[in-house]
Amino acid sequence: MANHCYNFVSIEGDPDVLQFIENIIEKADGSSANYFVDFCDKVLQKKPRTDQADTYNDYGTKWWEQEVSLVEGDDSMVIQGDSAWGPPANFIEELCKEYGLTATLEYEEPGCDFAGIIKYDSTGEIEHEEMTYQEMSYRSDISYWIENMAYSLQEDDMEDILAELKSISYASDEDKKLVIEQINELNKENNG
């Protein structure tokens with residue numbers, strides 16, 4: 001079974017170009033065995049392939065079940081959805097180069113604990129920051145991170161909890177204390 005990587009891509013560019021891309025995406029056929037490569041090739045206006053494509057090297061993943069949202073009259077588009085094992089990073093890079101766009105790809109895979117943010121312009125990738133899924137969770141919603149850490153650690157003994165929290169370099173000491181307080185509250189509820 002594939003690990004699902006969630007992707008959120010914010011794309012900016014000429015509104016007419018974005019409308020053109022949305023139209024191509026809507027018409028792209030997803031029924032072939034090699035549908036993701038066929039899809040990408042159509043969106044990028046490449047000639048159909050006669051050889052077997054290497055989806056990971058060509059476009060970054062094996063498949064991507066995406067939804068497209070174009071803001072009418074605006075210069076932005078959002079494409080989001082799950083892909084296999086990793087983000088469609090190479091496809092987004094090629095899209096930006098082909099159509100003169102800028103994009104930010106945020107991806108996360110909680111099962112394998114990785115996440116990242118990649119920024120592109122018309123020349124390709126310009127910035128890439130990788131981190132753990134937990135760090136991305138911490139950056140985006142500290143309250144959720146505290147609650148999630150407390151639930152995941154509540155069954156451990158305090159020595160292991162303290163060791164785990166000590167190993168986390170991205171969280172503040174105050175937030176680590178809040179995790180311990182949350183664990184204590186959960187244990188009171190469960191034992192009381």
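This is a predicted model: local features need pLDDT of at least 70, side-chain atom pairs count only at pLDDT 80 or more; totals for chains, interfaces and linings use all residues.

Colleague: In what order do the elements run from the N terminus on?

Modeller: The order is β-α-α-α-β-β-α-β-β-β-α-α-α-α.

Colleague: And what radius of gyration does the chain have?

Modeller: The chain comes out at 21 Å, while a compact globule of 192 residues would be near 16 Å. Along the principal axes, the C-alpha atoms fill a box of roughly 65 × 35 × 30 Å.

Colleague: How many of the 192 residues count as buried?

Modeller: In percentage terms, 40% of them.

Colleague: What about contacts in the chain between residues 24 or more positions apart?

Modeller: Those make up 55% of the contacts with a separation of 6 or more.

Colleague: OK, switching to packing. At what angle do helix 1 and helix 2 pack?

Modeller: About 150°, with the axes 9 Å apart. Helix 1 covers residues 15-27 and helix 2 covers residues 35-43.

Colleague: So is that roughly parallel or roughly antiparallel?

Modeller: Roughly antiparallel, because the angle between helix 1 and helix 2 is about 150° and the cut-off for that label is over 145 degrees.

Colleague: Left-handed or right-handed crossing?

Modeller: Helix 1 passes helix 2 in a right-handed crossing.

Colleague: Which residues in helix 1 and helix 2 meet there?

Modeller: From helix 1 you have Ile21, Ile24 and Ile25, and on the helix 2 side they meet Phe39, Lys42 and Val43. By class, that contact has five nonpolar residues, one charged and no polar ones.

Colleague: Let's change topic to the backbone. What is phi of Gln45?

Modeller: Phi of Gln45 is positive, about 60°, although Gln45 is not a glycine.

Colleague: Where does Gln45 lie?

Modeller: In the loop between helix 2 and helix 3, the latter being 55-59. Gln45 counts as partly exposed because its relative accessibility is 48%, and the exposed class needs over 50%.

Colleague: What does Trp85 count as, given 37% relative accessibility?

Modeller: Trp85 counts as partly exposed, because 37% falls between the 20% and 50% cut-offs.

How values were computed
Residues are numbered from 1 along each chain as its sequence is written. Side-chain values use heavy atoms; hydrogens and water are left out. Axes are lines fitted to C-alpha atoms, for helices over the stretch in contact, and angles run from 0 to 180 degrees between N-to-C directions. Helices (H or I, at least four residues) and strands (E, at least two) are DSSP runs, numbered from the N terminus. Angles under 35 degrees count as roughly parallel, over 145 as roughly antiparallel, 65 to 115 as roughly perpendicular and the rest as oblique. A crossing is left-handed if the near helix is turned anticlockwise from the far one by less than a right angle, and right-handed if clockwise. Contact means heavy atoms within 4.5 Å. Ala, Val, Leu, Ile, Met, Phe, Trp, Tyr, Cys and Pro count as nonpolar, Asp, Glu, Lys and Arg as charged, and the others, Gly among them, as polar. The radius of gyration is taken over C-alpha atoms; the globule rule is 2.2 Å times the number of residues to the power 0.38. Buried means under 20% relative accessible area, exposed over 50%, partly exposed in between (1.4 Å probe, protein chains only).
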